[in-house]
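Have the structure open while you read.

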Amino acid sequence: VTVNGRGSGVNDEPRRFKARLETGVEPRSDKTPEGLSAFRQILQRPAQSAGGAV
Amino acid sequence: VENVPDPQILNPRDAIVKITSTTICGSDLHLYDGYVPTMRSGDILGHEFLGEVVEMGADVKNLSLGNRVVVPFPIACGHCYQCRRGMFSICENSNPNAALAEKLWGHAPGGIYGYSSLTGGYAGGRAEYARVPFADVGPIKIENSDLTDDQVLFLSDASPPGTTAPTCATSRRATWSRSGARTRSGP
């Protein structure tokens, strides 16, 4: 997995597809408010609300 | 104590809970002592809490504003293979950082409130408000107003392992490997 370009997409997309298919939504946490992202897994923000900065 | 932004609805299956009681769990010591990596300054901890529903996403149909709810610590989607088997703690969809946990632990748990990036990076309940994802699955409504917070708070974490342990101990289908991991065998 790389943090930019297609490398991250290879890891992200199947998980995103599965989550959307089974739950109807893409899981978002306070550290990853934009959803599944290999880039964000490496550069995490604090686990608190982004306060509208999503 | 720090001021942080109020949580927001990010998905239609989210709810916002106004916290009335929360706890410090023994498991929080693993974070404090550094046994669980990927913590960051500013993380809100707390995976056992209860409170009042003050906001809901459009797809949360089983709760109402004002409901008093205990929020179990595992975040579960309710629809994946593991959730349908009742194995909510290893939900396949609620942990956006599952790949991180798989690298470190070999498998990924589902999301957990306030318990590092490895369990999803969700803010916990040691705050005035918390966002509850998949609120149509996890929260338990407390409809008996005679019950105090102290009487129901432990439904969020301490009680489930206590009731699950005897079930595991008496299950003929469960065996324990030498490493301690639970494995399944024939009937």
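The points below go through chain A, some residues of chain B, and then the spaces in the model.

1. A caveat to start: what you are looking at is a predicted model. Please read every value below as computed from that model.

2. Of its 54 residues, 50% are buried. If you take the contacts in chain A between residues at least 6 apart in sequence, 22% of them join residues at least 24 apart.

3. On to the aromatics. Over all chains, the structure holds two aromatic pairs. In one pair, Phe49(B) and Tyr113(B), the ring centres are 5.2 Å apart and the planes sit at 80°, so this is an edge-to-face arrangement; the cut-off for that label is an angle over 60 degrees.

4. For both calls, the limit is under 20% relative accessible area. Tyr122(B) joins in as well: ring pairs link Phe49(B), Tyr113(B) and Tyr122(B) into a cluster.

5. Have a look at Asp28(B), a charged residue in helix H1 (residues 28-32) of chain B. Its relative accessible area is 5%, so Asp28(B) is buried. What does its side chain make a polar contact with? The partner is the side chain of Arg126(B), at 2.4 Å. Setting aside neighbours within four places in sequence, Asp28(B) is in contact with His47(B), Tyr115(B) and Arg126(B).

6. You will find it in strand E3 (residues 68-71) of chain B, and its relative accessibility of 0% is why it counts as buried. Not counting residues up to four places away in sequence, Val69(B) touches a list of residues that includes Leu50(B), Gly51(B) and Val53(B), along with Leu63(B), Pro139(B), Ile140(B) and Lys141(B). Val17(B) is on that list as well. Val69(B) and Val17(B) are 52 residues apart in sequence, yet their C-alpha atoms are 8.3 Å apart in space.

7. Now the open space. The second largest pocket holds about 440 Å³. It is lined by 22 residues, and the closest to its centre are Glu2(B), Val4(B), Ile44(B), Arg126(B) and Ala127(B). Arg126(B) has come up already, as the polar-contact partner of Asp28(B).

8. The largest cavity has a volume of about 70 Å³. Of its 12 lining residues, those closest to the centre come from both chains: Asp30(A), Ser49(A) and Ala50(A), together with Gln8(B) and Leu10(B). Sorted by class, that lining has five nonpolar, four polar and three charged residues.

Technical notes
Residues numbered from 1 in each chain as written. Chains lettered and ligands numbered in written order. Heavy atoms only, no water. 1 Å grid on protein atoms, 1.4 Å probe; cavity = no way out; pocket = protein on both sides within 12 Å on 5 of 7 lines; lining within 4 Å. Points joined across faces, edges and corners; volume = space filled by probe spheres on them. Phe/Tyr/Trp six-rings, centres within 6.5 Å; stacked < 30°, edge-to-face > 60°. Helix = DSSP H or I, 4+ residues; strand = E, 2+ residues; numbered from the N terminus. Buried < 20%, exposed > 50% of the residue type's maximum accessible area, 1.4 Å probe, protein only. Polar contact = N/O pair within 3.5 Å; in protein donor to acceptor, adjacent residues only side chain to side chain. Contact = heavy atoms within 4.5 Å.
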